[in-house]
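Subject: Structure handover and findings

Hello,

Here is the structure for you to look through. My notes on what turned up follow below it.

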Amino acid sequence: MRNLKNVRLAEVQLQNDLPLTATAWDTTSDAIVCTFGPAQDNAVIELRRKRHDAYFSDPVGADVFECIASWDAPCPLPDLACDRVLSLHYFADNLTACLVLEGGDIIIVREEPLPGEDKIEILGSVDVGITAAAWSPDEELLAITTRANTFLYMTRDFENVADITFTPQDLQASQHVSVGWGKRETQFQGKRAKALRDPTVPEKFDEGKLSNNDDASTTITWRGDGAYVAVNSIEAGNRRVIRVYSREGTIDSVSEPVDGLEGALSWRPYGNLIAGIQRLDDRVDVVFFERNGLRHGEFTLRLTDEERASWASNIHLSWNIDSTVLAVQFKDRVQFWTMGNYHYYLKQEVPVTVSPEYSTPFSFTWHQEKALRFVAGASVSMLDVDFVFDVHHGSTLVPDDVGAVAVIDGKTLKLTPLRLSGVPPPMAHNELALDSNAIDVAFSKSGSRIAVLMKDHFSVFLWSLKSKPVACPILESSYPLSPDSRPRQIAFLNENEVYVLKTGPLNNAQIEHTALESRLSKIAYEATDSEQLFTLFPTLGHESLWFSHVSQPGRPISYSSITLKSPDELEVSPWVLSPTVDTYWARAAQISEDEHVLISMTRTGALYANKTLLAKNCTSFVVTTAHVLFTTSQHLLKFVHLDNPEILSRLSEDDVSQTLYKDTLKVSKPEAVAAAMLKGNAPASTNKLPSKGSKVNRICDAFLATLEKRLDTNLQNLVTAHVCKSPPDLDAGLQLVARLREKSSEQAQDAIEHMCFLSDANRLYDHALGLHDLELTLLVAQQAQRVRIAYKDFSHISF
């Protein structure tokens with residue numbers, strides 16, 4: 001249910017004689033290494049570096065970037081109008097860049113050459129020309145395909161270690177056998193329907209026919225561990241084939257024939273899927289292959305006939321480094337898809353400024369270490385964007401805490417009030433149809449209004465949460481945005497104020513305030529030339545707006561608030577207690593009449609309350625009026641109280657540890673959590689903390705006292721409370737099961753199953769023996785899978 005939120009966008013408009021042709025990341029300094037040229041009328045290549053703190057509000061030429069090297073690059077092949085950079089890779093460990101050109105040259109550029117080394121050196125050349133090249137993830141092998149249908153492996157020292165020729169006999173490498181799981185051909189269709197046909201034989205066999213839009217390109221992609229590489233090329237001029245080779249150069253498999261398969265190819269770093277593009281008469285699919293060459297599912301790109309013929313006529317694919325996002329690159333935009341519950345969601349669509357004069361695709365490169373950051377380099381622009389995953393939910397304040405959650409899926413917004421309707425994803429209680437792809441979404445304080453941000457406007461919908469069942473939201477109004485801006489985030493204040501974070505045409509970030517009643521918009525905050533704006537969010541009670549920003553490059557992210565003093569006056573106040581590290585998720589809560597607390601989290605999982613470090617291994621958090629609840633990498637749910645501002649001033653990590661509780665506990669009422677946690681919390685002195693066991697036991701006893709009268713609906717909670725004591729009170733839990741067995745054998749079975757899940761089943765069996773209850777012992781033994789011979793000989797004994 002997570003969405004992608006744009007937290008950083010830096011665009012540079014280029015005015016240069018040479019087009020931007022390739023990009024790569026210098027991971028040591030987060031700089032972008034790029035090539036300008038060659039062009040048809042100017043056969044020169046310039047290798048330049050754009051540093052991470054370089055921002056430009058006006059269109060600039062390439063000379064504003066640091067020049068690493070420049071040289072003439074005439075194309076050696078007469079049939080090419082000019083040479084082209086097929087691969088640009090930067091080695092941060094020795095400050096060198098490797099360029100592979102379509103004309104056949106392999107060039108190394110050394111920033112700090114040793115004595116006797118050239119700064120620019122052509123290490124080798126393929127006379128017939130090169131069609132594709134890609135470095136392995138460990139940067140030890142370079143894979144190259146040539147115009148002569150050969151496949152080469154070269155080491156980092158540029159020694160040729162494998163020379164493979166593509167032949168038609170390669171197609172016999174895989175003998176594909178498909179049992180047709182889940183296909184219509186293998187499903188029952190009635191005894192009179194195709195009674196004489198073998199159901200395992202499909203009605204239609206794909207022959208591998210080429211798409212009408214096929215550009216005859218070759219694509220190379222490595223698996224994440226570098227053990228295998230896949231090559232997508234045309235075989236004998238009439239079929240697309242994906243060949244998979246081992247690292248040693250041995251062919252492993254070839255793909256089954258697929259009609260309409262195009263040249264795009266990207267191997268998911270996780271290793272289980274290879275993504276490609278299949279273009280059919282009525283749609284375009286992203287299709288997946290296994291390593292053995294067999295098809296393994298697909299999803300359809302949501303394109304109209306006009307879009308398929310225009311900007312979607314040429315498509316490329318690229319997985320990010322942690323396999324969570326698939327980038328689908330079109331001629332002038334990039335779509336970002338994620339997968340959850342076997343459903344693919346369209347989370348973002350980012351337009352890229354391109355020039356119609358250059359027909360080659362723009363360069364798109366994921367960061368090798370920051371999973372959700374990328375650079376898109378077109379001939380006239382360079383776009384540096386960073387995302388984070390975030391959950392869009394409604395208020396956590398009573399009585400508006402209905403658990404409203406919004407999931408973005410292209411032109412569909414999936415809405416579910418979890419407190420009123422427990423619909424599991426990818427389904428949703430309501431699916432709201434939009435007129436364009438959603439960028440961001442925000443709920444009002446009551447949750448009855450939803451603001452949806454799109455590329456050129458935002459719309460406000462009314463959502464009636466009091467009707468049963470909850471009806472789909474209806475459109476209330478729409479508000480246009482500047483057509484030349486890039487909207488990034490949206491926030492709701494109370495019920496009638498909307499703020500939009502957007503980046504203008506001159507790379508200037510703005511926060512625009514719109515009063516829904518008057519439909520008047522004005523700029524609430526505008527960043528300075530060197531300032532960056534990251535996130536936008538309301539306080540817990542929706543009294544004021546907070547935003548994160550960096551005033552100058554090199555400084556950590558800080559926070560400020562915007563308060564509406566009057567209809568015509570907005571006050572911006574910096575928050576002096578901002579943490580001294582970069583945090584990208586934040587919530588602000590009011591803990592007293594004139595005091596707030598800022599809860600924020602870094603990418604590495606460090607959770608802060610103002611400047612105080614609460615935890616180092618946080619994975620998610622939520623803030624209520626009384627608590628901060630957060631999960632950890634050890635699958636624990638922890639609580640921190642916010643009702644007393646003095647606690648935060650002396651809070652340490654040890655204090656937080658006292659309030660841990662198993663996340664397997666299913667809490668039915670937040671009040672029960674609050675009542676249990678209030679017992680023994682907020683010690684007068686951090687030097688005299690109660691022991692971990694005693695505090696956990698008091699919490700468990702509080703749950704037992706609260707829930708024992710509601711046994712039917714809280715059985716697992718009661719069992720969990722017994723097992724989670726320190727030490728675990730297994731005897732009391734087993735005695736509870738023994739009492740249940742007299743009333744309901746099904747409940748007793750469920751309770752034992754849950755106890756075996758939470759604790760060591762063999763240890764539980766030993767405790768059951770100690771209670772001298774044979775029926776209970778047999779029940780535990782069945783769950784613990786003990787050998788029956790261990791107790792069957794004594795089945796006649798009664799105690």
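Which helix holds Asn717? Asn717 is found in helix 6, residues 715–723. Helices here are DSSP runs of H or I with at least four residues, strands are runs of E with at least two, and both are numbered from the N terminus.

Before the rest, the ground rules. This is a predicted model, in which local features need pLDDT of at least 70 and side-chain atom pairs count only at pLDDT 80 or more, while totals for chains, interfaces and linings use all residues. Residues are numbered from 1 along each chain as its sequence is written, and side-chain values use heavy atoms, with hydrogens and water left out.

Back to Asn717. Its relative accessibility is 6%, so Asn717 counts as buried. Buried means under 20% relative accessible area, exposed means over 50%, and partly exposed lies in between (1.4 Å probe, protein chains only). The side chain of Asn717 makes a polar contact with the side chain of Asn714, at 2.9 Å. A polar contact is a pair of N or O atoms within 3.5 Å; within protein, one must be able to donate a hydrogen and the other to accept it, and residues adjacent in sequence count only if both atoms are side-chain atoms.

The chain overall

The protein chain has 10 helices and 52 strands. Of its 799 residues, 53% are buried. The accessible surface is about 36600 Å², and carbon and sulfur atoms hold 50% of that. Areas come from the Shrake-Rupley method with a 1.4 Å probe; for residues, only the protein chains shown count as cover. Take the contacts between residues at least 6 apart in sequence: 48% of them join residues at least 24 apart. Contact means heavy atoms within 4.5 Å.

Asn610

Asn610 sits in the loop between strand 47 (607–609) and strand 48 (612–615). At 12% relative accessibility, Asn610 is buried. Its side chain makes a polar contact with the side chain of Trp575 at 3.3 Å. Leaving aside neighbours within four places in sequence, Asn610 is in contact with Trp575, Leu577, Pro579, His596, Val597 and Leu598.

Salt bridges

How many salt bridges does a search of the whole structure find? The search finds 38. A salt bridge is a side-chain nitrogen of Lys or Arg within 4 Å of a carboxyl oxygen of Asp or Glu.

- Asp26 and Arg49 meet through their side chains at 3.4 Å, N to O. Asp26 lies in strand 2 (residues 20–26) and Arg49 in strand 4 (residues 44–50), so the pair ties together parts 23 residues apart in sequence. Asp26 and Arg49 are both buried.
- Asp30 forms a salt bridge with Lys370, with the closest N and O atoms 2.4 Å apart. The two are 340 residues apart: Asp30 is in the loop between strand 2 and strand 3 (31–36), and Lys370 is in the loop between strand 26 (363–366) and strand 27 (373–377). Asp30 is buried at 14% relative accessible area. Lys370 is partly exposed at 33%.
- Arg741 and Asp773 meet in a salt bridge at 3.4 Å, N to O. Arg741 is in helix 7 (residues 730–743), and Asp773 is in the loop between helix 9 and helix 10 (774–784), 32 residues away. Arg741 is partly exposed, at 29% relative accessibility.

Salt bridges that share partners also join Arg8, Asp30, Lys370, Arg373 and Asp384 into one network.

At 45% relative accessibility, Glu753 is partly exposed. Glu753 and Gln782 are 29 residues apart in sequence, and 9.5 Å apart C-alpha to C-alpha.

Helix 9

Which residues of helix 9 (residues 761–770) are buried? They are Ala761, Leu764, Tyr765 and Ala768. Seen down the axis of helix 9, they fall within an arc of 105°, so they line one face. The arc is that of the directions from the helix axis to the C-beta atoms. At the start of helix 9, a side-chain oxygen of Asp760 reaches to within 3.2 Å of the backbone nitrogen of Asn762. Just after helix 9, His772 takes a positive phi of about 55°.

Best wishes
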